Amino acid sequence: MRSQLVVLFLSAGVLAAGGPAWAHHSFAMFDAAHPIEISGTVKEFKFVSPHTLLTVTVKDKDGNTKDWILEGGAPGNLVRDGITSKTLVPGDEITATINPLHSGADGGSYQPALVKFKDGRPLTAPR
């Protein structure tokens with residue numbers, strides 16, 4: 001009986017400790033119901049786990065620029081789509097349909113299939 005309790009408490013501890021690790025995978029902060037299109041210049045592409053980060057300098061209608069930080073999928077998932085750490089480099093001009101932040105801040109999430117270069121080339125090859 002005592003060993004069963006030890007196993008039960010250890011299992012509960014492992015599950016409780018794993019909760020925060022899973023929590024960062026939520027994309028609830030992004031508004032998937034109201035996607036928007038942005039165009040700008042790649043400032044930085046971080047090909048890091050658990051999610052890639054893409055910083056795009058976007059010019060508004062008044063000519064002011066702001067950096068938008070976009071969160072993408074895990075590097076391993078992007079590699080399967082043909083994306084590498086060298087696919088986007090500073091200076092690349094892109095257009096992306098993104099899911100903006102619910103807060104209204106300059107940022108959102110991106111999906112490689114919805115990103116294209118200024119000349120119309122897709123970021124990923126069609127499947």
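## Accessibility and the model

A residue is called buried when its relative accessible area is under 20%, exposed when this is over 50%, and partly exposed in between, using a 1.4 Å probe and protein chains only. The model is predicted, so local features need pLDDT of at least 70 and side-chain atom pairs count only at pLDDT 80 or more, while totals for chains, interfaces and linings use all residues. Residues are numbered from 1 along each chain as its sequence is written, and side-chain values use heavy atoms, with hydrogens and water left out.

## L114 on strand 5

L114 lies in strand 5, residues 107-117 (strands are DSSP runs of E, at least two residues, and helices are runs of H or I, at least four, numbered from the N terminus). Because its relative accessibility is 40%, L114 counts as partly exposed. Leaving out residues up to four places away in sequence, L114 touches T95, A96 and T97, where contact means heavy atoms within 4.5 Å.

## D92 in a loop

D92 sits in the loop between helix 2 (75-80) and strand 4 (93-100), and its side chain reaches the backbone nitrogen of V89 at 3.0 Å. Beyond its neighbours within four places in sequence, D92 is in contact with G40, T41, V42, T87 and F117.

## The largest nonpolar core

A nonpolar core is a set of buried Ala, Val, Leu, Ile, Met, Phe, Trp, Tyr and Cys residues joined through side-chain atoms within 4.5 Å. The largest one here has 18 residues, and L54, L70, L88, I94 and Y110 have the most contacts inside it. Strand 1 (36-46), strand 2 (53-59), strand 3 (65-71), strand 4 and strand 5 each supply at least two residues of this core.

Technical notes:
A polar contact is a pair of N or O atoms within 3.5 Å; within protein, one must be able to donate a hydrogen and the other to accept it, and residues adjacent in sequence count only if both atoms are side-chain atoms.
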